[in-house]
Amino acid sequence: MANSPAPFSDIGKKAKDLLNKGYNFDHKFTLTMLSDAGMALTATGVKRDQHFVGDISTQYKSGCTTVDVKVDSGSNVSTTVTVNEIFPCTKAALSFKIPDHKSGKASTTVTVTGIFPCTKAVLSFKIPDHKSGKLDVRYIHPHASINSSIGLTPTPLLELAATIGSKELGFGGEIAFDTASSSLTKYNAGIGLFKPDFSAALILEDKGETLKASYVHLVNPINGTAVAAELTHRFSTYQNSFTFGSSHSLDPFTMVKTRFSDNGKLAVLCQREWRPKSLVTFSAEYDPKAVSSASRFGLALALKP
């Protein structure tokens, strides 16, 4: 619903995205292909130092149902089935992972002979990892947004996040309860203010050990100039830290971001849309305290024919 409060995960998200989203200090390549039948195929590869990891994911949409399947370079298969409006104002997602056979998980093979003359058919598949199953349900109300998650195990991890208010002001919190140890593993609370030209958030996280305040302001809507700041205070160590950042569009196809932290690290990002929906991104970070190591650089190429 357009006037419903944002989910708890969106409190402080705009500032976090401006300060962190897009920065990549490895070599990354992404290719996305779409079909008229509602199928999307995405291949991603990342080179970190001398190691290369990647994955191939597919997404199929049909009516209110979306099926996502991803296979990574470790031969692990992750599947998510999402159903919108299974009940009014509700979205449900079921996810599970089929691990690599080297992990020692059980597998099943079915052999059929004689289905056709002189023919033998073999069907083999892995049993999904019972610890990876999870059911997520989201409910949206004009004055509330509720997200819940339960692990599909005998001793599941239960998570609940809720926000009340309006689309401009939201109060919320989240908790996680581990039934195996009968203990709360997470409890956070926050308040978010959302306006067309600015957004502010105050979050108490890490079980009440950390207080984080963030603010993002759209200075010029025409060229997309925006600034953001994030301040963090840790009660246990009385330590304060901060990060400032900015975003600016040089032209309709080129965007530049900067980031500066209290530890002296300076990061710069330049992103160019060299063809529709295809981006090339260059990132660099300089750490004045790491005099013995070189600055970090990264290049990301995203293609969408």
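Predicted model: local features only at pLDDT ≥ 70, side-chain atom pairs only at ≥ 80, totals over all residues.
Residues count from 1 along each chain as its sequence is written. Local features need pLDDT of at least 70, side-chain atom pairs count only at pLDDT 80 or more, totals for chains, interfaces and linings use all residues, and side-chain values rest on heavy atoms, with hydrogens and water left out.

Let's start with the charged pairs. A search of the whole structure turns up nine salt bridges (a side-chain nitrogen of Lys or Arg within 4 Å of a carboxyl oxygen of Asp or Glu). Among them are these:

| Pair | N to O distance |
|---|---|
| Glu 159 and Lys 186 | 3.3 Å |
| Arg 259 and Glu 285 | 3.4 Å |
| Glu 285 and Arg 296 | 2.7 Å |

Glu 285 sits in strand S20 and Arg 296 in strand S21 (residues 296–303), so their pairing ties together parts 11 residues apart in sequence. Strands here are DSSP runs of E, at least two residues, numbered from the N terminus. Glu 285 is buried, at 10% relative accessible area, while Arg 296 is partly exposed at 42%. Buried means under 20%, exposed over 50%, and partly exposed in between (1.4 Å probe, protein chains only). Arg 259 is buried too, at 12%.

Now for two loop residues. Ser 75 has a positive phi of about 65 degrees, though it isn't a glycine, and it lies in the loop between strands S4 (65–72) and S5 (77–84). Lys 277 also has a positive phi, near 65 degrees, and is exposed at 59%.

Definitions and conventions: Helix = DSSP H or I, 4+ residues; strand = E, 2+ residues; numbered from the N terminus.
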